[in-house]
Amino acid sequence: MTSRTKLKLTNRSIAQAVHNAVSRSTCTEYSDHQVTGLKLQVYRTGRKIWWLRYTLNGEKQAIRIGEWPGIDVDAARSIGRDMRALVDRGIDPKVEQGRTKATMLFKLYAVDHYLPWAQQYKQSA
């Protein structure tokens, strides 16, 4: 369960944001006013995670953007806008993110495993 609170999200306000101790929920959720669906969840431990909540084909969904301070407010908003644009075009950001990860895994395989093998065992000049 999540406690919801409104807060003007800036790097300074996020640094000072804490979990609502009165609430029995595991985290407090702060909404961004500039990007629809962009949320920051602050957990009891102090961990702060960016999420984008959206509805696609009648289903409510959420995708994790990353952890603060690794991803600051401006970066989270930029990523959130890009993901929101995908949703507006009817594309699921989770599927798109999976494709990107699969591509990166292949690239890592090619660079780390195949190319060294090919250089060692290649017969042609």
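Lys48 is a charged residue with no salt bridge, even though it is buried, and the nearest side chain of opposite charge, Glu67, sits 9.7 Å away. Some terms first: buried means under 20% relative accessible area, exposed means over 50%, and partly exposed is in between, with a 1.4 Å probe and protein chains only. A salt bridge needs a side-chain nitrogen of Lys or Arg within 4 Å of a carboxyl oxygen of Asp or Glu. For charge, Lys and Arg count as positive and Asp and Glu as negative, while His and the chain ends are not counted.

A word on the model: it is predicted, so local features need pLDDT of at least 70 and side-chain atom pairs count only at pLDDT 80 or more, while totals for chains, interfaces and linings use all residues. Residues are numbered from 1 along each chain as its sequence is written, and side-chain values use heavy atoms, with hydrogens and water left out.

Back to Lys48, which belongs to strand 4 (residues 48-56). Strands here are DSSP runs of E with at least two residues, helices are H or I runs of at least four, and both are numbered from the N terminus. What does the side chain of Lys48 reach at 2.6 Å? The backbone oxygen of Ile14. Setting aside neighbours within four places in sequence, Lys48 is in contact (heavy atoms within 4.5 Å) with residues including Ile14, Leu40, Val42, Glu67 and Trp68.

**Salt bridges**

In general, side chains of opposite charge can pair when their charged atoms come close. The salt bridge count comes to four; among them are these:

| Pair | N to O distance |
|---|---|
| Glu29 and Arg53 | 2.6 Å |
| Arg47 and Glu67 | 3.2 Å |
| Arg64 and Glu67 | 3.7 Å |

The salt bridge of Glu29 with Arg53 has N and O at 2.6 Å, and this pair links distant parts of the chain: Glu29 in strand 2 (residues 27-31) and Arg53 in strand 4, 24 residues apart. Glu29 counts as buried because its relative accessible area is 1%, whereas Arg53, at 29%, is partly exposed.

Arg47 pairs with Glu67 at 3.2 Å, again linking distant parts of the chain: Arg47 lies in the loop between strand 3 (38-43) and strand 4, Glu67 in strand 5 (residues 59-68), 20 residues apart. Arg64 also forms a salt bridge with Glu67, at 3.7 Å. Through shared partners, Arg47, Arg64 and Glu67 are joined into one network. Each member is partly exposed: Arg47 at 40% relative accessibility, Arg64 at 37% and Glu67 at 31%.

Trp68 and Pro69 are joined by a cis peptide bond, with omega at about 10 degrees. Pro69 is placed in the loop between strand 5 and helix 2 (73-88). Asn57 is not a glycine, yet has a positive phi of about 55 degrees. Where is Asn57 found? In the loop between strand 4 and strand 5, and Asn57 counts as exposed because its relative accessibility is 75%.

Val111 is found in helix 3 (residues 93-121) and is partly exposed, at 46% relative accessibility.

Terms used
A polar contact is a pair of N or O atoms within 3.5 Å; within protein, one must be able to donate a hydrogen and the other to accept it, and residues adjacent in sequence count only if both atoms are side-chain atoms.
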